[in-house]
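Reader: Hi, could you walk me through the charged side chains in this one? I am new to this, so please spell out the terms as we go.

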Amino acid sequence: MGAQANAAPVIIKRKKVVKGDGHHGGAWKVAYADFVTAMMAFFMLMWLLNATTEQQRKGLADYFTPTIPINRVSGGGDGAFGGESIFSEMTLPQSGTGGTDARTAQEENARGDTGADINDADKSAEELQTIEELLIGRGGESAVMENLMRHVATRITDEGLVIELFELEDVPLFARGSDTPTQLLQDLVAIISATARAVSNDIAVGGHVASNPIVLANSPVWELSAQRASRVRLLLEGANIDSKRIQRVTGHANREPVVQDTMAKRNNRIEIVMLRDTYRD
């Protein structure tokens, strides 16, 4: 009994067996994600270099260029502008780093900055809008006037206000195959002349004709379109439009159809352009 009381206690150790290497954290996942992102950026860069033009690559480079650069020209140059004067008429526009009023830089041309005053451009646009409203407003004066204005379409472009006079089926502007104007065209030119006399914009006239259904060895489309444009010029001058205001008379033949069917009557048309101030010279 006493011997058992003095006996050393029995200690049982249980060893925990762990299979595998255990958990080392998620740092490797972050590193792997950074690697994949870097590779994606690399391949994107290689694709852009291969799929873009030199001008597009230059635009991408300019996008990431600092807003206020000290010198955009890399390379030797003693001056603050890479060795060139800010008044250089040749080197800066050619390198795409600057320009003058006479030779604008490519960046300025892409933005539409040609040295023209923005206020002048807005004023010119307002004047063209006024002319268009005056012309369209005449269409509601009477049923006859409204019927005439079915042959008129207007649009404002960079060149100016384009007033398009076009034929409809069985309602021609000229006698077939000639430059003899119909009464419809004479009435339309009279309306436009009355509107044009209220402004001082210079005028350009362009003639367009439809393609012939039969291929001819000597197609008259060039001569006919030019003759019709010239006849409209005479009608304008006969309606008290100063001949000095007419800056250009052009025959475009059948090269600029407005509908898919090049033989459609709708392609027989005259375009009278009220030029912006910048297109007068």
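**Charged side chains and their partners**

Author: Let us begin with arginine 155, which counts as partly exposed at 37% relative accessibility, where partly exposed is the range between buried (under 20% relative accessible area) and exposed (over 50%), found with a 1.4 Å probe on protein chains only. Please keep in mind that this is a predicted model, in which local features need pLDDT of at least 70 and side-chain atom pairs count only at pLDDT 80 or more, while totals for chains, interfaces and linings use all residues. Residues are numbered from 1 along each chain as its sequence is written, and side-chain values use heavy atoms, with hydrogens and water left out.

Reader: Okay, and which salt bridge joins arginine 155 and glutamate 271, I mean, what is its N to O distance?

Author: Their side chains meet at 3.4 Å, N to O, a salt bridge being a side-chain nitrogen of Lys or Arg within 4 Å of a carboxyl oxygen of Asp or Glu. Glutamate 271 sits in strand E5 (residues 269-275) and arginine 155 in strand E1 (residues 152-156), so the pair ties together parts that lie 116 residues apart in sequence. Strands here are DSSP runs of at least two residues, and helices (H or I) are runs of at least four, both numbered from the N terminus.

Reader: Is glutamate 164 buried or exposed?

Author: Glutamate 164 is buried, with a relative accessible area of 3%, and its side chain forms a salt bridge with that of arginine 155 at 3.2 Å, N to O. Glutamate 164 also meets arginine 266 in a salt bridge at 2.6 Å, N to O. Arg155, Glu164, Arg266, Arg269 and Glu271 are linked in a network of such bridges.

Reader: How many salt bridges does the structure hold?

Author: The structure holds 8 salt bridges.

Reader: New topic: where is arginine 245, and what does its side chain reach?

Author: Arginine 245 is in the loop between helix H9 (221-238) and strand E4 (246-251), and its side chain reaches the backbone oxygen of asparagine 201 at 2.7 Å. Although arginine 245 is buried, it has no salt bridge, since the nearest side chain of opposite charge, aspartate 202, is 4.9 Å away; Lys and Arg count as positive and Asp and Glu as negative, with His and the chain ends not counted.

Key. A polar contact is a pair of N or O atoms within 3.5 Å; within protein, one must be able to donate a hydrogen and the other to accept it, and residues adjacent in sequence count only if both atoms are side-chain atoms.
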